[in-house]
Amino acid sequence: MSRMKITRREAIAGLGAMAAIRTPAANPPTFPVAILRCRSFGQEFYESLKRSFDLIGGIGPLVKGKTVAIKLNLTGNPARFPERADMPYRTNPQTVLAAAQLISNAGAKRIRILEAFFPASQEMELWARYGLDVNAINNVGCEVEWENTQNLGRAKQYTRMKVPWGGYVFPAYDLNHSFADCDTYVSMSKLKNHWIAGVTMTMKNNFGNTPCSLYGGDCGENGNENPRQERGPVCHNGKISPPKGVPQELHPESSRDPGYRVPRIVVDLTGARPVDLSIVDGIETIRGGEGVWNPGVQMLKPGLVLVGRNAVCVDAVCTAVMGYHPLAERGEKPFVRGDNTNRLAQDVGLGTADLNKIEVAGLPIKEATYDFGPGPTGQPVELKPAAS
């Protein structure tokens, strides 16, 4: 696999960019984050989500008359990681229906449901296998589209989305058109640990925006519209490059450690396609990792919903609710294997992770805190009951 050649001028520019992104942004933006107690899905979640929207100022201006893309978190290749009802590590189907109903009721013109999964095709039964009520979602009151973003999907070409500060790992990413072809971008994620990144909420959900047709292990030199391999060789450890014509790494001499690369690619992608609305499901989840393939994961029931307009602010509050310091250094729990995405995102001005600067509406962090333990250690830890 050949790599794009880097000229001396480009190398100097790249070093300048690296120096710039090491300097924290002076005044990263801050937006309110709502926390509500919610013990069950269905109607209770619907009412909690509706109230959360009100607490952050309403979603009317975000969605009225607009195309709204909702990125789900259906993590994992189902061929390797089948459904586990006892381990709620994926987006709950009822939360998708509730969000679509509320967004439609607020005046959205079109809702586009997004996720990247295998096989990379558009058959609706592939969505139904995750328990999604496709018929009910299609009848929320506005036009609804579904797009598997694992490849070109329904478009004829990819959309190149540039990282505004120049990028940590890549200067731009070639993505399915749906991420650009929308007015409002919503991330629906779970409140969880992550084996490499420590935590996974709004921002880490964006890692799945990269199509495996271009960023998968079998992408080849010319891309592969029927990919069967995940992103490890390109994104996690950088053993191979994206195909010809796709933006190449800024610093191919940089660390190949997934704990270095994954958090930075996450921040790149969050900058390239900012999240306009974050919805984090902490009703039922797991700790110790992002899925059942991680050793030692356990089911938890924190009974929480967290919502906000800024991905960094939301993830910082989520990190605190899990019992961690939002700006912890690598090596401190839960960032035992990777750098802290919150810090990296704050440094480039995507938002603040300083709790002193974030307004929290609804339930105070102190009352919402639920101990997620040491993080992804691979060892089960003693479960503690949810706060009342």
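This briefing covers cysteines, one lysine and a strand pair. The model is predicted. The disulfide count is zero. Lys-204 counts as buried. Strands 5 and 6 pair in the antiparallel sense.

**Cysteines**
- A disulfide is a covalent bond between the sulfur atoms of two cysteines.
- The cut-off for a disulfide is a sulfur pair within 2.5 Å.
- For Cys-235, the closest cysteine sulfur is in Cys-212, at 8.0 Å, so the distance is too far for a bond.
- Cys-235 is buried, and its relative accessible area is 0%.
- For Cys-313, the closest cysteine sulfur belongs to Cys-318 and lies 11 Å away, so a bond is ruled out here too.
- Cys-313 is buried, with a relative accessible area of 0%.

**Lys-204**
- Helix 7, residues 202–205, contains Lys-204.
- Lys-204 counts as buried because its relative accessibility is 15%, under the 20% cut-off.
- Leaving out residues up to four places away in sequence, Lys-204 touches His-194, Val-199, Val-262 and Val-266.
- Thr-270 is 66 residues from Lys-204 in sequence, yet the C-alpha to C-alpha distance is 8.5 Å.

**Strands 5 and 6**
- Strand 5 spans residues 159–162 and pairs with strand 6 over four bridges, in the antiparallel sense.
- Across this pairing, Met-161 stands opposite Tyr-173 of strand 6.
- In a regular strand the side chains alternate between the two faces of the sheet.
- In strand 6, residues 172–175, Ala-172 and Asp-174 point one way, while Tyr-173 and Leu-175 point the other way.

How values were computed
Residues numbered from 1 in each chain as written. Predicted model: local features only at pLDDT ≥ 70, side-chain atom pairs only at ≥ 80, totals over all residues. Heavy atoms only, no water. Buried < 20%, exposed > 50% of the residue type's maximum accessible area, 1.4 Å probe, protein only. Helix = DSSP H or I, 4+ residues; strand = E, 2+ residues; numbered from the N terminus. Contact = heavy atoms within 4.5 Å. Pairing = 2+ DSSP bridges.
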